[in-house]
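Dear colleague,

Please find below the structure that I am handing over to you. My notes on what was found in it follow directly after.

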Amino acid sequence: MTGTDLLTISGLTKAYPGVVANDDVSFSIKPGEVHALLGENGAGKSTLVKMIYGLVKPDSGTMQLHGQPFAPTEPRAARAAGVAMVFQHFSLFEALDVAENIALGMENPPPMRMLAKEILEVSETYGLPLDPYRLVGDLSAGERQRVEIIRCLLQNPRLFIMDEPTSVLTPQEVGILFDTLEQLKEEGTSILYISHKLEEIRTLCDSATILRLGKKVATCNPREETARAMAEMMVGTTLHQPERTPHATSDVALELKSLSIPSANPFGTSLKDVTLNVHRGEIVGIGGVAGNGQDELTAALSGEMPTAPRDIVFSGLPIGDLGPNARRRLGVLAAPEERLGHAAAPDMSLTENALLTGAIREKLSARGFLNWGATEAFANMIIADFDVRTPGPDNAARSLSGGNLQKFVIGREILQRPEVLVVNQPTWGVDAAAAADIRQALLDLASAGAAIIVISQDLDELMEIADRFAALNEGRLTKAVPAQGLTVDEIGLMMGGAHDMHEAQLHEDASGETAL
Amino acid sequence: MDLSAINPILLVASLMVAATPILLAAVGELVAEKAGVLNLGVEGMMITGAICGFAIAVETGSPVMGFLAAAIGGALLSLIFGVLTQYLLSNQVATGLALTLFGLGFSSLIGQGYIGIKPPSTEKLDIPLLSDIPVLGPILFNHDLMVYVALALVAAVWAVLKFTRTGLILRAVGENHDAAHALGYKVVRVRLLAIMFGGGCAGLGGAYLSLIRVPQWTEGMTAGAGWIALAIVVFGSWRAGRVLLGAYLFGGVTVLQLNLQAAGMAIPVEYLSMSPYLITIAVLVIMSADKSRAALSAPACLGRVFHASS
């Protein structure tokens, strides 16, 4: 640690009741360096950057910025010291326009008209086109991120923190973002880049600090390490790779015929003319940037949003107008994205949650009375088969960690022997080991003859398990193509390329694109 | 029935007077809801303002002191709501309903000794020259000060929300409290101030009833004015201009039906009495029928509990 470091962190510790989020973490960032902060969900990355940004106060430890003691008590102080942050879940206001959103993130914003001009200037300099007067609610995820980035750039930051910036971007948009970050780096701005996508970090970052369970395990140069080595440092064990067993696919199980439905949410995306066939024994992966109709498609497939009967056909039966329970009776099951509150009732026990979707197919109720004995046995079976770590089925769903609850939710549907299973974001926010287990379970279910639709934003995951791949873009679904042999560029173009960018620039960026 | 007994000039002039209490309460609630707080206690804060204003005006002999006391009384009552919902994280709907019940009971307790008394009268402004203009003079320029204060308040709220940074922060807090917190804004403080502004305005509206419009104290004299103010805010799509329109519409129909009653119209009085409520709601519902636009102007965090846990 020399005096030339921009930010030096030594011995930062932060404990919450029951968990130590950060335990004696130290590292330093040089001027003009892109520094990666790597770790699994729950490794303490977010808590660490929140301390740097003044949102969370450390229990002990010190920070130095430009060699001066640095202990921001609120984000305002951090911003004044030249620290800017782009959040993982955007801190944007949908009903306000771009300029208003940017003004809210500044200490002393100029009058609106001046600000709009500045926004246009900065967006031009860094190749991030943006109209200051559009409502943020109407923007795509990539454009929203540009709003956040420009909001930060207008303050000329010395340290720029980005929390999982690429999870919402198409590969082409990732390319544009990396160009912007390179440009910032050349201007001498340091970047603290948080991610768990290893290839990205190997392309972009100069050094990396790896966290595991709140402790720093290593600092390394990501360009000299393999992705696998870094993954194992992150997880702490060797990773089990899901295996596909080759199997034949047979007749069509589920057909979507020109499905069009308006979204229930004013900022949602309506589905337009979605057509898809899913065969028995096949996994169809549906990619796309969040907010392009994934939620609407899940709702239409699960029966939460009824459609015209013949829009959805299961083994020759029109089921578009059937509700979720009628579909369950037929064997069409779904596991929605939101674990707490949608897939599971947070304050109910695992037994009760098992009953909620399993009552019909597992015959857990008779003449309006519940069979608690059978239900508990069913819950215990899920816990045992899917290795859910919990003291027992009487615990509230809320008390489980994300990965464990996700295993329970997916296991609950798989054990009901579905003929068609729809899962949305099956491994979102789940640690690598649990994610591998869930993917393996889906592969096994498919080889047993079920038709599976996996909707996910994790392209690596889709490439790993899907037989065919299709992408949602503004509510339209592309044709499903065989997943094997698809290149990153092809996938990116299926996802709609870069929103709002010029053709030529898009082409240029796409050709330099390697990270995914 | 004798319709010629209705003087259109007097009708429009008294419309402004009839609308003022609701307008004051509604514009206060508009600010609170824009900050994301759903305070259903408007009725309770109005009636508390009515008795506070009445009592102080009677004791001091000064209507101005009365209005001041009404605003303070309403704001203090709303502060109870603020502490319960913002610090103790209680449910806003239940707390608001309780506030209304509390306000109604509390005001009749204070008001025991004031039944049947006449308050000191508030003078009309009678602006020289302007009030002599035929037709327009008596309609626009011959009112008491509070009518103009209410109008100025609506204009000020509109301008502050639209053009100032304070307004932008207030809207941001109501739109997405987690994001506002992440950017370093004091969500709870902004909301408390908005709640107190709403309480103060509701108190002024109540005092206008007891000191000018009626003017005397009777238990439960707000008679649902607080609820109609709430409805006007929602169906007025959280816009100051539409709130003004809704309040004047309500005032207008109220005055008209009173005149029709006096003129002996052959409709049961009950129907006439309910007409202002029905017509105001119907018109505003039709105006806000475009669902997507209405959803856009609704503060996204309205009624949601905020806790800075992360």
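Helices (H or I, at least four residues) and strands (E, at least two) are DSSP runs, numbered from the N terminus. This is a predicted model, in which local features need pLDDT of at least 70 and side-chain atom pairs count only at pLDDT 80 or more, while totals for chains, interfaces and linings use all residues. Residues are numbered from 1 along each chain as its sequence is written, and chains are lettered from A and ligands numbered from 1 in the order in which they are written.

Helices of chain B

A residue is called buried if 20 or more other C-beta atoms, placed from the backbone, lie within 10 Å of its own, exposed if 12 or fewer do, and partly exposed in between. Because 23 of its 27 residues are buried, H9(B) is largely enclosed by the rest of the structure.

Helix H10 (residues 225-235) of chain B is mostly covered as well, with 10 of its 11 residues buried. Among the buried residues of H10(B) are Gly226(B), Ile228(B), Ile232(B) and Phe235(B). The cover over these buried residues includes helix H1 (8-34), helix H2 (42-60), H9, helix H11 (240-263) and helix H12 (269-287) of chain B. After H10(B) comes Ser237(B), with a positive phi near 55°.

Gly74(B) belongs to helix H3 (residues 63-87) of chain B. Gly74(B) counts as buried because it has 37 C-beta neighbours inside 10 Å. Two residues are in contact if their C-beta atoms, placed from the backbone, lie within 7 Å. Neighbours within four places in sequence left aside, the contacts of Gly74(B) include Gly199(B), Gly200(B), Gly203(B) and Gly206(B), together with Met45(B) and Thr48(B). Gly74(B) and Ile195(B) are 121 residues apart in sequence, yet their C-alpha atoms are 10 Å apart in space.

The nonpolar core

A nonpolar core is a set of buried Ala, Val, Leu, Ile, Met, Phe, Trp, Tyr and Cys residues joined through C-beta atoms within 7 Å. The largest one has 231 residues, and those with the most contacts inside it are Ile161(A), Val454(A), Ile22(B), Ala26(B), Val27(B) and Ile232(B). Helix H9 (residues 187-213) of chain B gives the most to this core, namely 15 residues. At least three residues of the core come from each of domain 1 (7-235) and domain 2 (252-485) of chain A.

Domains and sheets of chain A

The domain bounds come from an automatic or database domain assignment, which gives chain A domain 1 (7-235) and domain 2 (252-485). The C-alpha centres of these two domains lie 33 Å apart. Their contact takes 12 residues from domain 1 and 10 residues from domain 2.

Two strands pair if DSSP finds at least two bridges between them. One open sheet of 4 strands in chain A has the order E2-E1-E4-E5, with antiparallel pairing. Strand E2 (19-29) and strand E5 (68-69) each have a single partner strand, so one side of each is left without a neighbour in the sheet. Strand E1 (residues 7-16) and strand E4 (residues 60-65) of chain A are joined by 5 bridges, and Ile9(A) has Met63(A) as its bridge partner.

Another open sheet of 4 strands in chain A, with antiparallel pairing, has the order E12-E11-E14-E15. Its edge strands are strand E12 (271-279) and strand E15 (317-318) of chain A, each pairing on one side only. Between strand E11 (residues 252-261) and strand E14 (residues 312-314) of chain A there are 3 bridges, and Leu256(A) stands opposite Ile312(A).

The contact between the chains

The contact takes 14 residues from chain B and 16 residues from chain A. On the side of chain B, H7(B) gives the most, with 5 residues.

With kind regards
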